[in-house]
Amino acid sequence: MPRSRRWTSGAIARAALTVLAIFVVEAVVCGVSAVAPSALLLLLIERTTGSLPVRAVLVGVAVIPAYVLFALCLMTLSAASTRLTGARTPTDAELPIADMSWPLLQWARYMAASHVVRVLAGPLFRGTPVWTVYLRMNGARFGRRVFVNSLFLSDHNLLTFGNDVVIGSEVHLSGHTVERGCLKTGRVVLGDGVTIGLGSVIDIDVVAGPGAQVGALALVPKHSRLEAGQTYVGIPARPAHPPAILGTK
Ligand SMILES: CC(C)(COP(=O)(O)OP(=O)(O)OC[C@H]1O[C@@H](n2cnc3c(N)ncnc32)[C@H](O)[C@@H]1OP(=O)(O)O)[C@@H](O)C(=O)NCCC(=O)NCCS
């Protein structure tokens, strides 16, 4: 049974301070990221001559590269801000949400920062090496040639992937879960050559051996250990090719 907990004044004060901190940090990160692209656009407006339609077309064409520049600055500065402010997911923690403890709020700041990047830069870069670089800068430990075609990886500091890992589109993989009012965290470790199929859910404290595959739309429950080279499918995920027993398939 979940214990009912009342919010103390200390918890409310800590939560309010954290909301303020998130607002200030994200405003600074987004604002500074927008400086170079807006300067470029202003320069273009100032320096171009000709009729209004021609100038409007020129500025219009420059808007997309300016946005790409903004997104690149945002990924870099956001990752720097999480490092500087100590925002990260605590390892192997079990934290009641109602307590609003500092480690929980540290996690909330980390989530907020990665959410802003996910919304404003993720759609441009997911599945590309740039997205992999961002996840690394934000705390993930990845090997070489890691491709992440999903925006739903969180708790980057708890993710350790080997070389040649592929994460399919819409995969939900994170180092936290919320159960009965408690935030629980755990690492996710994927060995070399692991593939996670489209739309799968990978829960906390999952370890996959080298070459393991998870089929599309599977659920890998928390604390699972996936054997090297084995393919897993279904909900909950089970081996797709179980070893033959006494003449059966
Ligand atoms: C899981 C997968 C890799 C299996 O491929 P495979 O090794 O060639 O295996 P098969 O197609 O022979 O399927 C083996 C068994 O698993 C079942 N199966 C395959 N994929 C499944 C899935 N996603 N969910 C449930 N069952 C699945 C098959 O029906 C078959 O069952 P059976 O033995 O009872 O007939 C593949 O089906 C898959 O899901 N690929 C997704 C890859 C992906 O999303 N990559 C991300 C980057 S795009």
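Trainee: To begin with, does Ser224 count as buried or exposed?
Mentor: Please keep in mind that this is a predicted model. Ser224 counts as buried, because its relative accessibility is 14% and the cut-off for buried is under 20%.

Trainee: Where is Ser224 found?
Mentor: Ser224 sits in the loop that joins strand 14 (219-220) to strand 15 (225-226).

Trainee: And which residues is Ser224 in contact with, leaving aside its neighbours within four places in sequence?
Mentor: With those neighbours set aside, Ser224 is in contact with Asp205, Val206 and Val207.

Trainee: What lies 2.6 Å from a polar atom of the Ser224 side chain?
Mentor: That is the backbone oxygen of Pro221.

Trainee: How do strands of a sheet pair in general?
Mentor: They pair through backbone hydrogen bonds, in either a parallel or an antiparallel arrangement.

Trainee: Then how many bridges are there between strand 11 and strand 14?
Mentor: Strand 11 (residues 201-202) pairs with strand 14 over 2 bridges, in the parallel sense. Within this pair, Val201 stands opposite Leu219 of strand 14.

Trainee: A change of topic: how many disulfides does a search of the whole structure find?
Mentor: The search finds 0 disulfides.

Trainee: What is the relative accessible area of Cys73, and what is that of Cys182?
Mentor: Cys73 has a value of 22% and is partly exposed, whereas Cys182 has a value of 16% and is buried.

Trainee: Lastly, Phe142. In which strand does Phe142 lie?
Mentor: Phe142 belongs to strand 2 (residues 141-142). Phe142 is buried, with a relative accessible area of 11%.

Trainee: What does Phe142 touch, not counting residues up to four places away in sequence?
Mentor: Phe142 touches Thr132, Leu135, Arg136, Val148, Leu159 and Phe161. Thr132 is 10 residues from Phe142 along the chain, and their C-alpha atoms are separated by 8.1 Å.

Notes:
Residues are numbered from 1 along each chain as its sequence is written. This is a predicted model: local features need pLDDT of at least 70, side-chain atom pairs count only at pLDDT 80 or more; totals for chains, interfaces and linings use all residues. Side-chain values use heavy atoms; hydrogens and water are left out. A disulfide is a pair of cysteine sulfur atoms within 2.5 Å. Buried means under 20% relative accessible area, exposed over 50%, partly exposed in between (1.4 Å probe, protein chains only). Helices (H or I, at least four residues) and strands (E, at least two) are DSSP runs, numbered from the N terminus. A polar contact is a pair of N or O atoms within 3.5 Å; within protein, one must be able to donate a hydrogen and the other to accept it, and residues adjacent in sequence count only if both atoms are side-chain atoms. Contact means heavy atoms within 4.5 Å. Two strands pair if DSSP finds at least two bridges between them.
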